[in-house]
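I opened my notebook to look up a few things about strands and side chains.

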Amino acid sequence: HLVMTSFSGFGANGPYALFKANGVSIEALAGWDSLHRDNGDEPVLMATYPADPICGLQMAAATLVALFRRDATGKGGHVEGSMLEGAAECIGDHLLAAALSRAGAEITAPPLSHTLVQNEGGDFTLRSADGRMTAVRDTLSALEDPILSARGWFLRLRTPGQGERLHTGYFWRFHGSAPPAPLPPPGLGQHSAALLTAKLGLSPGEVAALFAQGVVGAVT
């Protein structure tokens, strides 16, 4: 009945299966950077590397679907995917328009692309292909956003060894339910030993052997 989920940069098979990847390389390979350009029409790197969290969200959603399937059929399964596929899916309209155009179709209303324009005062504006303009704020301005502050979106959390920091909050609200208690993000592999013992029933010796073999690990 076990459900296992594994994602990698390019998936478990294919010509790039053994290659490593991160958010920066995946966004470039998936075509994201070409959608935002500077004044010289050069692609602009997306500085927050959203492919990483988006892939995590897709993994979580796919795992939930597999869990529902297990509840309905009694069968577990293995969910396998890649960051590249997840990133490409996010700009599916652009990819479809490009594919149809390459096949000879006339695209009368292609998906909008955007250009980053620096004003005389040094500020930036995002301009869409149809002429609409949107101000580009820096990260410090975003931290002072009155809407996010009024909704209590920012969380002040104390992380061991790092002190108190502002963290992003919950972008959803469930009516009649309070948000989960805010906790700092766990360290990499912080709970691995406890989960292997509690969920898989491994003995402390078996867990120690997995760490020694490099199968699992933790950053302390």
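My entries follow, in the order I made them.

**Entry 1, the model.** I noted before anything else that this is a predicted model.

**Entry 2, the open sheet.** I looked up the strand order and found S2-S4-S5-S6, an open sheet of four strands with mixed pairing. Strands S2 (36–37) and S6 (133–136) are at its edges; each has a single partner strand, so one side of each lacks a neighbour in the sheet.

I then followed strand S5, residues 124–128, to its pairing with S6: the two run antiparallel and are joined by four bridges.

Next I turned to S7 (residues 155–159) and S8 (residues 163–167), an antiparallel pair with five bridges between them. They make a hairpin, and three residues separate the two strands. Gly161 sits in that turn, and I noted its positive phi of about 85°. Thr159 has Gly163 of S8 opposite.

How many salt bridges does the structure hold? I found one. It joins the side chains of Arg156 and Glu164, with an N to O distance of 3.9 Å. That falls within the 4 Å cut-off, so the pair counts.

Glu164 is at 44% relative accessibility, so I put it down as partly exposed.

Definitions and conventions
Residues numbered from 1 in each chain as written. Predicted model: local features only at pLDDT ≥ 70, side-chain atom pairs only at ≥ 80, totals over all residues. Heavy atoms only, no water. Pairing = 2+ DSSP bridges. Buried < 20%, exposed > 50% of the residue type's maximum accessible area, 1.4 Å probe, protein only.
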